[in-house]
Structure formats: structure tokens, C-alpha cells
Amino acid sequence: MSNKRRFGTLAEPIIEGLIRVCGFSAILFVLGIFFFVFREGSDFLINKLDVKQFLTSIEWYPDSPSNKRYGVLALLAGTASVTVLAMMIAVPFGLGAAIFISEFCSSRLRETFKIVIELLAAIPSVVWGFIGLTVMNPLIIEIFNAPIGLNVLNGGLILALMSVPIIVSIGEDALKAVPDSYREASLALGTTKWQMVYRVLLPAAKNGLLAAALLGVGRGVGETIAVLMATGHAVQIPDSFLDPVRTLTATIAAELGEAPVHSDHYQVLFIIGILLFSITFVVNLVADLVVKGIKGK
Amino acid sequence: MSKTAKLFSLNIIVALSALLLQTGCGKKSESGDTTEKVSIQNQGSDTMVNLAQAWAEAYAEVDPAVSVEVSGGGSGTGIAALINGTVELANSSRKLEESEKAKAQQNTGKEPKEYMVGYDALAVFVHKDNPMEEITIQQLAAIYSADGSVTKWSELGVKNAGCPNDEIIRVSRQNNSGTYHYFREAVLGKGHDFRLGSVDMNGSKDVVELVSKTPCAIGYSGMGYATTDVKMLRVAKKQGDPAYAPSIETTLNQTYPIARPLYMYTLGEPSEHLKKYLDWIHADAGQQIVKESGYVPLPKDGSLESGMPAKE
């Protein structure tokens, strides 16, 4: 008995130290990654890059034999269009599913749903890409009479399907976190179940629901292989959701293997990495501020 | 309840992956037990990846002590790996550029050595319902080049009924592809760029796959990748010239205008087992596989260096 207790007092600080290291390592990794990505691209970024051309030109000719040009506007538009479409589909569906699972369905059905949705999250992104390439492409051509089925719509649908599980599980957690006394009080006042959800639960859980949606956006901006295969990988600003596009992530994935280390092309790809990093940073920061703002009220 | 379910499914996944790993390892050690195995890392051209794989499999029976590990990724990827010294043998469907040679020399201290191992005719594919039968190099350039202006099938005089809005969907390759570089030089001309907005696919097979499902599309890929779902166009040098279908004969007698040699590169003199492998590839057995895989074998009489000229 006393032996056990002594072990306990010895182990306590060690375990605490280990956990502390785990916590700090997260910060270390993020800083480390940012440092290395920045270092690879810094020379070109500081000395050669025409920032205005980089952000406002659609001419992406990294290996032109006569005149190399690095303009990422079309790639930015590609990432934005696919992400926005995906969120327009995934956020209502995901939050709807979360509300249904948390409030309206029987507990047995709930377990089935959760397992199925977790399975959806376990499908590797390259498999989603294949579905986009082989199943959705002919379907979209047929249904929309489109010239090609690899386009914003295809990528957006695939990405929506990939983000729904995240939105559902985080959204459901947020709703679960609302104390039952709220529900009981509302129902006791004579509201219907839907009035209770709409007037009481959603306002009470909005921070968590917002976080769910924004994590979905993060997934959308960062997803690579599935959109590489489903969007058509064409450098252009889309006129409609039936046009093929190319995203920032897909460009890095497709071209980094070929770019000789430390060449201009290689460095520009790392600058795109910095750009992506900044976009997700801003999204997260805005999310944080919004959530804090709501709390402040 | 939900937590146990989660844990349970996690356990299943872990168990399954462990099983996969084990069977994977089991196979390796089984074949490696008998003799010390030498492995050759072979990477590069996506056009050649099927061919390289076929060679590797056949060679495993010729010399069980050597295992050749093949991966694709594109000629540029293979060359970059050669320059960085991470592969012994790079496949490339284009010639190494002088700057790349210099870079390899500077990086590794060895000069890349070139081996011509066969030819590939670059086929131009359209959907099987497309009524088009032949195309000229100028027309191809007008479709693909940044200076060209053809965007509709009707501008080529083609009535493509399967394609409701008449738009030509240009299917191209990502810029790590040797096929992409060859097409740019041979069809668009030196110094010219592709027009932006083409659908850039990752592999030769993906191009054919996409064209077979897209009535509006046109694409290019090695003729070895042809399937029954796509149509190979006959290609003419210019308007009025006879058009030829890609084949072994038209490639070797140089009537088919877009055919190119396929290369393998080593860093400096190859090691003994690598040299044996390359010799075998050049011998009848290896060249027979070139033919079976849908590529064009080296002419019997010609030596390695005196093949068809790479460019005109």
C-alpha cells in the first residue's frame, strides 16, 4: 500500500512533465513548419517576386520556355469557388444532420447514424477523388449537359461530402453541450420541439456550430488530392460552376515533385504554401474573434 | 455506448492495418531469404511506367537476385530524383536538358549516361462517337497553343453531335510530364506555350480515361494506352499531306509525325547488375516486351546511338 503511494508521488511530476512537453510541442511544430516553409521560399519572395503580378495575374506559366510567369489569381479563384460551393452544400446539410441526430432521433438510430458518419470520415481522400473522376464525371455531363464533368461542381460536391462528417460530429457535440434544463424549460413553456431547437438550442450552441462550419472551411481550403482529381486541374477563372478549375493545393501537389530544389519554380510553390498558411490563419483568427465577440455579448 | 463503439471500430482498423503490414512483410522476406537481393530503384516517365513494370516483372524470372522497383510520377520527377541522387535509373520520355546534366554533375559528381530503349508514338485521342478521323499538326497547335484560337469543334469542320455546346475540351498533362514537354516542342513549336485552361491530368492513362467519358474532349497520350472506348486520329504533318495512324511501321519509317524515343538514364557508369539489366532490355527479350506493351521496339539493325533522330 505504502509502496504504491510512493510510486504515485514519484510518477506524478514525471507524468505532468510529459504532458507539458506534449502541449508545448504543438506550438513548436507549428512554428517549425512555418519557419521551414518560409525559409524555402524567402529568397524569391524578398528579392525577385513581383507581388502585384503574383496576386493579380492569371498567367501561371512556371515552366514556359520563353517567358516564365507566376500569377496565382486563377488558382485563388479556383480554391475559393470550390470551397464556397462545398460550404453552401455542407453547412446546411451538416448542421441539419447534427440537429436531427442530437434532438429528433431515437437513441438506437442515433448510434447507427454516428457509425455511418464516422465511416464517411474514414474514406481516404484519394478514393473520393476516384469517385469524382469515374462516377461523377459522366453523371454531371449527362445531367447538366456540360462539356466536361470535372469542374467546380464536381469538386464542390466531393469536398462537401468530405466535410459533412466533421461538421456533423462537432455540431452534434455543441448541441449536446447545451444543458438539458434549457430544453426542459422551453418545452415546459409550451413550445413545440422545433421552436425549442430554433429559439433556444441554436442561439445557445452558436459558438460551437460556427466552429464546426469553420473547421469545414479549413478542410476545404486544405484538401488536396480529391480536388486535384475532381476539379479538372485547369488554370482559369470559372464563369460558372460547370467550368474546370485548379486549386492552390493541387498545384503544389502536382508540381513540387518536378521542380528542381531551390529553383524559382520550387520557391514559388513554397510561397503558395505561405499564402495557404496565411489564408487558414486568417480564417481561424476571424473564427476566434467572432466566437469571442459572441461570448462578450 | 458511443465511446465503446468508437473504440471498437478503431480497434478493428488497427488490427486490419497490422494484418496488412504483416502479410506485406511476409511476402518480402519469403523471396529474399534464399539469396542476398540487390534492388534497383527505377523512377520517372509515366508514359513508360507500364513498360518499366513489365520489364521488371519479366527480369525477376531472368535474374531472381535482382529486384527492380518501379515508380512513375513523370519524366521530370525521375530526372529530379536522378539529379538529387535518390534513384539509380531514371526513365524519361524526353532528352535530358543540358542544364539538367550540369546540375546532376554538380550535385553528384557524375555525368548522366543516356540509353535509348524504344520509341513511343504519341497518339491523339477523341471520344469514340466523334466523327473526326484525321488532324494536322497545325490544327493541333491552333487548339492547344497560347497563340491559337480554335475553341469549337465546328471551327475544325467537325460536327460533333455528342457535344451539345460545341466546345473543345483540351485534355493535357501536368507539367512534370515528358509527354507534355515533347508535345509542346513538337506540336506547338519551340518557345511556344500552351493556352491556359486545359484540363491537366496526372497520368497517361487518366487522359485516355477522361477522353473516353467526355464526348467534347481531345487529348494526347502514348499509343500504348489506347482502349476500345477512344478513337486514335490519323495525323498529318500539314494540310494536304497524307495522314498516318500511329503504329510500329509508321514510327520506324518516320511517316508518323509525333513519335519520340524513350530513354533511361544512369548516373555515371552503371553498376554491374544495372548494366546487365540494361543489356537485357536492349536484347531481344526486352525489346519483345516493348512491342507487347504497345510501344515501338528499337530497329534491329541500328545501334543504340543511331536510332531515329529525336527531333527533325
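1. Starting with confidence in this predicted model: within chain B, helix H1 (residues 2-32) has the lowest mean pLDDT of the elements, 44, while strand E10 (residues 234-236) has the highest, 95. Here pLDDT is the predictor's confidence in each residue, from 0 to 100, and helices (H or I, at least four residues) and strands (E, at least two) are DSSP runs, numbered from the N terminus.

2. Both ends of chain B deserve a look. Residues 1-34 of chain B stay under 50 in pLDDT, with eight contacts beyond four places in sequence. Residues 303-312 of chain B are also below 50, and that stretch has 14 contacts beyond near neighbours in sequence. A contact means C-beta atoms, placed from the backbone, within 7 Å.

3. Chain B as a whole has a mean pLDDT of 83, and 85% of its residues reach 70 or more. The chain carries ten helices and eleven strands. Of its 312 residues, 45% are buried (20 or more other C-beta atoms within 10 Å of the residue's own).

4. Now the interface: 31 residues of chain A are in contact with 33 residues of chain B. On the chain A side, H4(A) gives the most, with four residues. By class, that side has 17 nonpolar, eight polar and six charged residues; nonpolar covers Ala, Val, Leu, Ile, Met, Phe, Trp, Tyr, Cys and Pro, charged covers Asp, Glu, Lys and Arg, and the others, Gly among them, are polar. For the complex, the predictor gives an ipTM of 0.78 and a pTM of 0.77.

5. On bookkeeping, residues are numbered from 1 along each chain as its sequence is written, and chains are lettered from A and ligands numbered from 1 in the order in which they are written. Local features need pLDDT of at least 70 and side-chain atom pairs count only at pLDDT 80 or more, whereas totals for chains, interfaces and linings use all residues.

Note on methods: Contact = placed C-beta atoms within 7 Å. Buried ≥ 20, exposed ≤ 12 C-beta atoms within 10 Å, placed from the backbone.
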